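This briefing is meant for a reader who is meeting the structure for the first time. Please look over the sequence and the model before reading on.

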Amino acid sequence: MSGEDADFTAYLAARWPSLVRTLVLLGLPQPVAEEACLTGLARCREAWRDVRELDDVDAEVHRAVLDACHRGEVEPVALAVPEDPTEAERLRALLERQLAGLTTELREAIVLDRVAGLDRAQVADVLDLPLRTVDRRVADALAALDPELRTADSVRLAAAT
């Protein structure tokens, strides 16, 4: 395996769960999210030498994955909640319901910020928006969420299930 292949494989292994989780929380069913990740990552793999030389590899990969899922063309779906949910599962169901009620623009901003763990500058880069617009969208999304979900820790706990 070449150094470039090993580098891409390591990146993929580290980021795959987060990328899929991000798309699931954007409303894609798991199989569709996985397919969008594969498509976006395949595009990045073809140009990996160039991608890894960019200032922000994570932002470029998220952009490619979001482009692959054709933003706005898939309606959000909610996953079933177990009969006796754990605290994390309860938070996950609440998060999914809350995210489904947001516009695509707000949902993308908050999920990239809180779930994918990108900083605001990276979110602005991925969404091709000014930083002030991203700040406003994240603030508006947080204001629309249940108070229980307004902390980064509660969103990450919910997203981890």
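The points below take up the overall fold, then the core, and then the surface and charges.

The model described here is a predicted one. The protein has nine helices and zero strands, and its radius of gyration of 16 Å is close to the 15 Å that the globule rule gives for 161 residues, so the protein is as compact as a globular protein of that length.

**Overall fold**
- Read along the sequence, the protein follows the pattern α-α-α-α-α-α-α-α-α, and its C-alpha trace spans about 45 × 40 × 30 Å along the principal axes.
- Among the contacts with a separation of 6 or more, 69% are accounted for by residues 24 or more positions apart.

- Buried residues make up 43% of the 161 residues in the protein.
- The largest nonpolar core has 49 residues, of which Leu23, Val61, Leu66, Ile110 and Leu112 touch the most other members, while helix α1, covering residues 3–25, gives the most to this core, with seven residues.
- Leaving aside neighbours within four places in sequence, Leu23 is in contact with Leu28, Ala33, Ala36, Cys37, Val65, Leu66 and Cys69.
- In soluble globular proteins, nonpolar side chains tend to be buried together.

**Surface and charges**
- The accessible surface of the protein comes to about 8,400 Å², and 51% of that surface belongs to carbon and sulfur atoms.
- The protein carries 19 positive and 31 negative side chains, and the centres of these two sets lie 3 Å apart.

Methods: Residues numbered from 1 in each chain as written. Predicted model: local features only at pLDDT ≥ 70, side-chain atom pairs only at ≥ 80, totals over all residues. Heavy atoms only, no water. Core = buried A, V, L, I, M, F, W, Y, C linked by side-chain atoms within 4.5 Å. Buried < 20%, exposed > 50% of the residue type's maximum accessible area, 1.4 Å probe, protein only. Helix = DSSP H or I, 4+ residues; strand = E, 2+ residues; numbered from the N terminus. Contact = heavy atoms within 4.5 Å. Rg over C-alpha atoms; globule rule 2.2 N^0.38 Å. Areas by Shrake-Rupley, 256 points an atom, 1.4 Å probe, with all protein chains shown as cover. Lys, Arg positive; Asp, Glu negative; His and termini not counted. Charge placed at Lys NZ, Arg CZ, Asp CG, Glu CD.
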